[in-house]
Amino acid sequence: MTVHLPAVPGYAQLASALAAAGLTTVDVVHVTEYATAAALGDPAALDRARVAALGGHPVPVSRVPVEAVLGPDALISTASYALGVTAHAGGGEMLTDGDDVLRVAGGVVHLPSVHTAEGDFREQYRWCLDRIAALLAVAGLGTGSLVRTVDYTTTATRAEYPQCGRPRKEVLGTGPVHPGAAGILVDVPVAPGALVSLDALAFDGGLQVLNPGWARYDTLTYKPAVRGGGRIFLAGFGALDPVSQQALHAGDLAAQAAYVYRSVETVLAEAGATGEHVTHLVEFVTPAAVADYPATVVLRKQHFPNAVVDAVVCSALLRPEFLIETVPTAVLR
């Protein structure tokens with residue numbers, strides 16, 4: 001069984017967080033490092049902390065630049081980074097390609113985030129996709145096995161973002177199955193010169209697209225959700241009308257969150273699931289929404305009572321009107 005831990009405030013707390021779930025470091029299959037500018041300023045220190053905490057247990061790591069991390073009370077934490085930790089008893093099967101590590105557990109292929117500092121925005125995006133394809137090949141899979149991609153692009157490249165459409169079509173193909181996707185903007189890149197970094201998740205098995213009939217997805221290289229086995233991997237959801245494609249509830253975080261959560265439930269219903277099946281949420285909140293974010297806690301628990309939440313402050317979202325983007329994962333019982 002795969003477990004998402006509540007956000008861990010640092011590597012020094014990792015062992016105790018795992019123990020509380022009846023797990024140890026050898027069960028970890030993926031770590032997301034939500035790193036502020038302070039943590040990104042000394043990446044070697046973060047690497048040393050990880051090695052010290054995990055010892056000789058290599059795991060795929062996604063390093064995500066954020067403005068701040070939010071604590072369990074939904075308020076800004078003083079920590080310079082936080083961890084999103086995924087574990088599976090036994091740690092799954094480890095694969096390697098150069099310095100990169102993959103772990104396959106419960107059919108889910110956990111990959112590290114990838115980036116390069118060479119080339120312009122579209123070239124870097126293409127490189128990231130090609131690198132993901134190469135890593136999947138190590139697991140004997142192709143890009144058709146992807147269930148989710150999350151790209152972190154620099155805010156300065158927002159106007160260039162549509163250029164990622166072509167490399168996505170070239171590498172991900174014409175479908176009909178495409179992964180769920182989310183796009184997050186960051187002011188401080190994961191490394192100097194990196195205009196984009198890409199996170200990806202894949203599933204080794206048959207996939208089913210979940211779409212309540214929203215025609216906009218017919219021409220896109222991502223879908224509202226993909227089901228693999230008993231798991232549902234949803235895209236990032238903002239307050240967007242799927243028919244008119246207009247952003248809704250500008251300036252109103254509570255209304256945006258309510259709309260997002262209802263949209264998620266609409267997609268889950270395609271698999272006979274509800275919000276109670278959601279086990280993990282990653283919520284990206286813009287700086288303008290931080291003050292109002294604690295007020296969404298009750299609403300979120302009403303919709304997703306069983307979800308572990310990783311909440312962070314990003315620099316911005318692709319639609320300037322968006323105050324929140326939510327990336328859910330659900331498990332059918």
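Predicted model: local features only at pLDDT ≥ 70, side-chain atom pairs only at ≥ 80, totals over all residues.
Me: How far apart are the end C-alpha atoms of helix 4, and what span should its residues cover?
Reply: Helices (H or I, at least four residues) and strands (E, at least two) are DSSP runs, numbered from the N terminus, and the expected span of a helix is 1.5 Å times one less than its number of residues. For the 18 residues of helix 4 (residues 121-138) this should give 26 Å, and the distance between the end C-alpha atoms agrees, being 26 Å.

Me: Which residues of helix 4 are buried?
Reply: Buried means under 20% relative accessible area, exposed over 50%, and partly exposed in between (1.4 Å probe, protein chains only). By that criterion the buried residues of helix 4 are F121, Q124, Y125, C128, L129, R131, I132, L135 and L136. They lie on the same side of helix 4, because the arc that they cover around the axis, taken from the directions from the helix axis to the C-beta atoms, is only 160 degrees.

Me: Which residue has a side-chain oxygen that reaches the backbone nitrogen of R122 at the start of helix 4?
Reply: A polar contact is a pair of N or O atoms within 3.5 Å; within protein, one must be able to donate a hydrogen and the other to accept it, and residues adjacent in sequence count only if both atoms are side-chain atoms. The backbone nitrogen of R122 has such an oxygen within 3.3 Å, and the residue that supplies this oxygen is D120.

Me: Which residues form a cluster linked by ring pairs?
Reply: Rings of Phe, Tyr and Trp (its six-membered ring) pair if their centres lie within 6.5 Å, and planes under 30 degrees apart count as stacked, over 60 as edge-to-face and the rest as tilted. The structure holds seven aromatic pairs. The cluster linked by ring pairs consists of F121, Y125 and Y161.

Me: Why does T157 count as buried, and which residues does T157 touch?
Reply: T157 is found in the loop between strand 10 (146-154) and helix 5 (165-172). T157 counts as buried because its relative accessibility is 4%. With contact meaning heavy atoms within 4.5 Å, and not counting residues up to four places away in sequence, T157 touches F121 and L195.

Me: Which residues of helix 5 are exposed on the face turned away from its buried side?
Reply: In helix 5, P167, R168, V171 and L172 are buried. Because they cover an arc of only 105 degrees around the axis, they are on the same side of helix 5. What covers these buried residues includes helix 4, strand 10 and strand 11 (180-186), whereas the face turned away from the buried side carries the exposed residues R166 and K169.

Me: How many residues of helix 6 are buried?
Reply: Helix 6 (residues 253-268) reaches 22 Å from its first C-alpha to its last, close to the 22 Å expected, and D252 caps its N-terminal end with a side-chain oxygen 3.3 Å from the backbone nitrogen of A254. Its buried residues pack against strand 13 (207-210), strand 14 (225-228), strand 15 (231-234), strand 16, helix 7 (297-303) and strand 19 (324-331). Helix 6 is mostly covered, and of its 16 residues the number buried is twelve.

Me: Which residue is 45 residues from V282 in sequence and 5.1 Å away in space?
Reply: V282 is in strand 16 (residues 278-285), and V282 counts as buried because its relative accessibility is 10%. Leaving aside neighbours within four places in sequence, the contacts of V282 include Y34, D310 and E325. The residue at 5.1 Å, C-alpha to C-alpha, is V327.

Me: What is the value of omega for the peptide bond from G175 to P176?
Reply: Most residues other than glycine have a negative phi, and most peptide bonds are trans. Q245, which is not a glycine, has a positive phi of about 60 degrees. P176 lies in the loop between helix 5 and strand 11, and the peptide bond from G175 to P176 is cis, with omega near 15 degrees.

How values were computed
Residues numbered from 1 in each chain as written. Heavy atoms only, no water.
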